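Hi,

Here is the model I promised to pass on. Have a look, and my notes follow below.

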Amino acid sequence: MEGVSVRKIKKICVFCGANSGKDVAFVNAAFHLGEVLGKRKIDLVYGGGKLGLMRCVSTAVAQHERQVLGIIPSAFTVNNLVGETCGKEIKVATMQERLVMMMELSDAFIALPGGFGTLEELFQMISWAQLSIHNKPIGVLNINGFFNGLLSFVDHAVKQEFITPRARKILISATTADELVDKLQAFRFESDPALSKLKWSPSSSQKEKLDLTLRL
């Protein structure tokens, strides 16, 4: 990374499955990611609970004496549905409130293998970055090619001109935890000139007009 400006990352939010998946490599990679974050003195924000890959990464970070924050909807805590959160826990009312808080409290985002919930969280963060709601780096840890199909689909959407080449750069990928964190630290946000004019503060009475040819 010589000659490249390094972004200061203190907290990373990890999205991942509440299941462990079929391949033991997913579990091993989740534990290893937690170890990498711990050794780099990076704290963890995650969805709370103690299930699947979420348990693996949170446990590993905590074992390295870094802070772990679980943000969890109150509905999930009824009857101990998802287990005890590793570290501090913040309860919220809705899934959307959870995601907003994750965005606000994190410096970067990583997606491990997971299901619909993980994909929703990943693409919500990408969409918000595209709209200049935030400018934080987002990456997927592509363990054993798990995200190959998704990455191919995104590239296909670029070729079909539904995603711009500029927006495509928002999504980073790597096959190892160290490489991915390095890429997140080196990330330089390139906002769309028109979308960057949007005012997202609650006090804004109206948003500036956009070029209607934009592909959202």
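**What I found**

Seven strands make up an open sheet with parallel pairing, ordered β4-β3-β2-β1-β5-β6-β7. Strands here are DSSP E runs of at least two residues, helices are H or I runs of at least four, and both are numbered from the N terminus; two strands pair if DSSP finds at least two bridges between them. The edges belong to β4 (88-92) and β7 (171-174), each with a single partner strand, so one side of each has no neighbour in the sheet. From one strand to the next, the twist averages 25° (axes are lines fitted to C-alpha atoms, for helices over the stretch in contact, with angles from 0 to 180 degrees between N-to-C directions).

On the caveats: this is a predicted model, where local features need pLDDT of at least 70 and side-chain atom pairs count only at pLDDT 80 or more, while totals for chains, interfaces and linings use all residues. Residues are numbered from 1 along each chain as its sequence is written, and side-chain values use heavy atoms, leaving out hydrogens and water.

Strands β1 (residues 11-15) and β2 (residues 43-46) pair in parallel over three bridges, with C13 opposite V45 in β2. Helix α2 (residues 52-63) packs on the sheet, touching β1, β2 and β3 (68-73) (contact means heavy atoms within 4.5 Å), and its direction makes about 155° with that of β2. Helix α3 (residues 95-105) lies across β1, β2, β3, β4 and β5 (108-111), at about 160° to β3.

Cheers
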